[in-house]
Amino acid sequence: MSILGQIIKSKSDYLHLLIGIIICIILLLFLWYINIFLYWMQFGEGADSSAKYHELAVMIYEIYPALLVILVCFLQLYKNYRMGRFDYAKSYLFIAILAPMLSVFQNDILNFILGS
């Protein structure tokens with residue numbers, strides 16, 4: 001049986017999944033929040049700053065937090081697979097799939113949290 005098949009057919013540990021999702025959301029919110037300040041400190045403000053470094057700013061502001069969370073999830077997935085804890089590995093696989101979906105709604109989530 002393949003690695004993915006073993007992970008998917010394992011039973012889910014719902015408490016671990018819930019804790020992992022909460023930690024993932026908190027980590028993404030924290031990374032998005034500090035990215036606002038990092039962008040401002042690095043590029044400044046005004047029309048000139050957004051025109052010069054637009055591609056780099058998009059990568060830093062929108063893609064990097066989700067990639068960091070996905071990397072952590074896949075490292076944990078690999079570690080738990082090697083230890084034979086397929087239920088934990090399944091939780092991390094689900095969270096790694098959920099992180100990019102949350103990143104699509106990044107601006108809406110930040111506007112809701114920050115109230116602006």
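## Surface and basis of the model

Accessible areas come from the Shrake-Rupley method with a 1.4 Å probe, and for residues only the protein chains shown count as cover. On this basis the protein chain exposes about 7,900 Å², and carbon and sulfur atoms supply 71% of that area.

The model is predicted: local features need pLDDT of at least 70 and side-chain atom pairs count only at pLDDT 80 or more, while totals for chains, interfaces and linings use all residues. Residues are numbered from 1 along each chain as its sequence is written, and side-chain values use heavy atoms, with hydrogens and water left out.

## Fold

The protein chain has 6 helices and 0 strands, where helices (H or I, at least four residues) and strands (E, at least two) are DSSP runs numbered from the N terminus. Along the sequence the pattern is α-α-α-α-α-α.

Of the 116 residues, 31% are buried (buried means under 20% relative accessible area, exposed over 50%, partly exposed in between, with a 1.4 Å probe and protein chains only). Among contacts (heavy atoms within 4.5 Å) between residues at least 6 apart in sequence, 73% join residues at least 24 apart.

## Nonpolar core

A nonpolar core is a set of buried Ala, Val, Leu, Ile, Met, Phe, Trp, Tyr and Cys residues joined through side-chain atoms within 4.5 Å. The largest one holds 21 residues, of which C24, L28, V69, C73, L77, I95 and A99 touch the most other members. Two or more residues come from each of α2 (14–43), α4 (54–83) and α5 (86–104), and the largest share, 8 residues, is from α5. Leaving aside neighbours within four places in sequence, C24 is in contact with V69, I95 and A99.

The buried residues of α5 include Y92, L93, I95 and L98, and also S91 and S103.

## Loop residue S10

S10 lies in the loop between α1 (3–9) and α2. S10 counts as buried because its relative accessibility is 14%. Apart from neighbours within four places in sequence, S10 is in contact with F86, D87 and K90.

## Nonpolar surface patch

Y33, F37, F112, I113 and L114 form a nonpolar patch on the surface, together with about 560 Å² of accessible area.

The largest share of the patch, 3 residues, comes from α6. F37 is in helix α2 and counts as partly exposed, at 42% relative accessibility.

Notes. Patches are made of residues with over 30% relative accessible area and no salt bridge: like charges are joined within 9 Å, nonpolar side chains (Val, Leu, Ile, Met, Phe, Trp, Tyr) within 5 Å. A salt bridge is a side-chain nitrogen of Lys or Arg within 4 Å of a carboxyl oxygen of Asp or Glu.
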